[in-house]
Structures are given as C-alpha cells and as structure tokens.
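This briefing covers a single protein chain, with points grouped by topic. Please read it alongside the sequence and the coordinates.

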Amino acid sequence: MSSDPPGFELPLRLFLGFRVLIDELHDELARQGHPNMRPMHGFVFQAIGPDGTTAAELGRRLGVSKQAAGKTVDALEQLGYVERGSDPRDARRKVVRLTERGIDSLVRSARIFDDLRARWAETLGEERLRALEADLRKVTPTDVFRLDVPGWFGGS
C-alpha cells in the first residue's frame with residue numbers, strides 16, 4: 001500500500017511540467033530562427049497585444065515598474081521583436097508594437113505548443129491528457145492569461 005505523496009510535490013510537478021514544455025518550446029524556437037527568445041518574452045508579447053501599448057501600461061500589465069518594462073522593451077527592440085512608434089490618436093504617446101519578427105515568433109510558438117501537446121497525448125493517451133486539462137481547468141482561474149508573472153515572482 002503506497003501512501004500519498006507529500007503536498008509539496010504537486011506544485012513542483014506542475015512547475016516541472018511547465019518547465020519541460022517551455023524549455024522544449026524554446027529549443028525548437030531557436031532551431032527555427034529565434035535563438036534569443038526567453039520565457040519572459042512570451043508574457044511581454046501577450047501584454048503588448050495586437051494593437052500595441054505604452055511602456056507604462058506594459059509595466060502595469062506585467063506587474064513591474066515602468067523602468068523595468070522599458071528595459072525589457074529596449075532589449076526586445078535590439079533583437080528586432082518590437083518597435084516604438086507614435087500613437088496615431090495622440091502623438092505625445094509612444095506605443096510599443098510587435099514587429100513582423102515578433103509576430104512570427106508567436107505564430108511559431110502556437111504551432112510548437114500544438115506539437116508538444118500532441119507528443120504529450122502520445123505519451124499519456126489523448127483521453128488522459130484531456131482529463132488532465134479538464135481537471136486543471138476546475139482548479140485554476142478562468143482568466144488564463146495572467147501576465148503579471150514577472151511581478152509575482154519578484155514580489156515579496
């Protein structure tokens with residue numbers, strides 16, 4: 001008769017599963033021409049959104065300071081993933097937008113995640129994977145795209 005695993009194992013296993021998927025994603029992105037992509041960049045791209053945003057708003061969405069958001073934008077701009085431009089509705093505002101390279105990385109990421117999910121389905125079985133996904137939906141918030149991970153990790 002086996003005993004239940006200790007309670008701390010559940011968050012560790014969930015985190016390890018996340019880490020495996022993210023590491024495999026980034027290995028494949030590197031092979032497909034995006035070697036400088038980092039896990040944080042995906043959160044930033046989602047926070048920028050399709051219409052762009054200001055550095056101040058980006059910081060709020062990510063739960064980090066405007067300065068931290070600005071440094072991230074600087075780095076991503078140097079890598080060619082984002083660009084700064086004027087807001088057509090207010091020339092005083094600078095808006096950060098994804099470039100074609102940034103959009104390409106998101107499109108590739110979506111395809112890679114589909115491939116990774118298919119590999120997990122092969123390993124676990126489609127029915128078990130769907131059950132796992134359904135169970136995780138039961139115990140997690142419905143606002144799937146929480147973007148404040150940087151602030152959450154950095155918070156006290």
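Predicted model: local features only at pLDDT ≥ 70, side-chain atom pairs only at ≥ 80, totals over all residues.

A residue is called buried when its relative accessible area is under 20%, exposed when that area is over 50%, and partly exposed in between. Arg84, with a relative accessible area of 35%, is therefore partly exposed.

**Helix α5**

- Helix α5 covers residues 100–124, and its end C-alpha atoms are 36 Å apart.
- The buried residues of α5 are Gly102, Ser105, Ser109, Ile112, Leu116 and Ala121.
- An α-helix has 3.6 residues a turn, so residues three or four places apart point the same way.
- The packing partners of these buried residues are α1, α2 (39–48) and α6 (126–139).
- Just after α5, Gly125 has a positive phi of about 95 degrees.

**Buried residues**

- Ser105, in helix α5, has a relative accessible area of 0% and is therefore buried.
- A polar atom of the Ser105 side chain lies 2.7 Å from the backbone oxygen of Gly102.
- Beyond its neighbours within four places in sequence, Ser105 contacts Leu29, His34, Met37, Phe45 and Tyr81.
- Ile22 belongs to helix α1 (residues 9–31) and counts as buried because its relative accessibility is 12%.
- Apart from neighbours within four places in sequence, Ile22 is in contact with Pro39 and Phe113.
- From Ile22 to Leu12 the C-alpha distance is 15 Å, for a separation of 10 residues in sequence.
- His41 sits in helix α2 and, at 10% relative accessibility, also counts as buried.
- With neighbours within four places in sequence set aside, the contacts of His41 are Asn36, Leu76 and Leu79.

**Salt bridges**

- The count comes to 13 salt bridges, where a side-chain nitrogen of Lys or Arg must lie within 4 Å of a carboxyl oxygen of Asp or Glu.
- Arg119 and Glu24 form one of them, with their closest N and O atoms 2.5 Å apart. Because Arg119 is in helix α5 and Glu24 in helix α1, this pair ties together parts that are 95 residues apart in sequence.
- Arg119 is partly exposed at 42% relative accessibility, and Glu24 is partly exposed at 26%.
- Arg84 and Asp74 are joined by a salt bridge of 2.8 Å, N to O. This pair links distant parts of the chain, with Arg84 in strand β1 (residues 82–87) and Asp74 in helix α4 (residues 66–78), 10 residues apart.
- Asp74 has a relative accessible area of 38% and is partly exposed.
- Arg117 pairs with Glu126, the closest N and O atoms being 2.9 Å apart. Through salt bridges that share partners, Arg117, Glu126, Arg130 and Glu133 form one network.
- Arg117 is partly exposed, with a relative accessible area of 28%, and Glu126 is partly exposed at 30%.

**Nonpolar surface patch**

- Leu10, Leu14, Leu124, Leu132, Leu136 and Val139 make a nonpolar surface patch of about 520 Å².
- At least two residues of the patch come from each of α1 and α6. The largest share, three residues, is supplied by α6.
- Leu136, in helix α6, counts as partly exposed because its relative accessibility is 31%.

Note on methods. Residues numbered from 1 in each chain as written. Heavy atoms only, no water. Helix = DSSP H or I, 4+ residues; strand = E, 2+ residues; numbered from the N terminus. Buried < 20%, exposed > 50% of the residue type's maximum accessible area, 1.4 Å probe, protein only. Contact = heavy atoms within 4.5 Å. Expected span 1.5 Å × (residues − 1). Patch = residues over 30% accessible without salt bridge, like charges linked within 9 Å, V, L, I, M, F, W, Y side chains within 5 Å. Areas by Shrake-Rupley, 256 points an atom, 1.4 Å probe, with all protein chains shown as cover. Polar contact = N/O pair within 3.5 Å; in protein donor to acceptor, adjacent residues only side chain to side chain.
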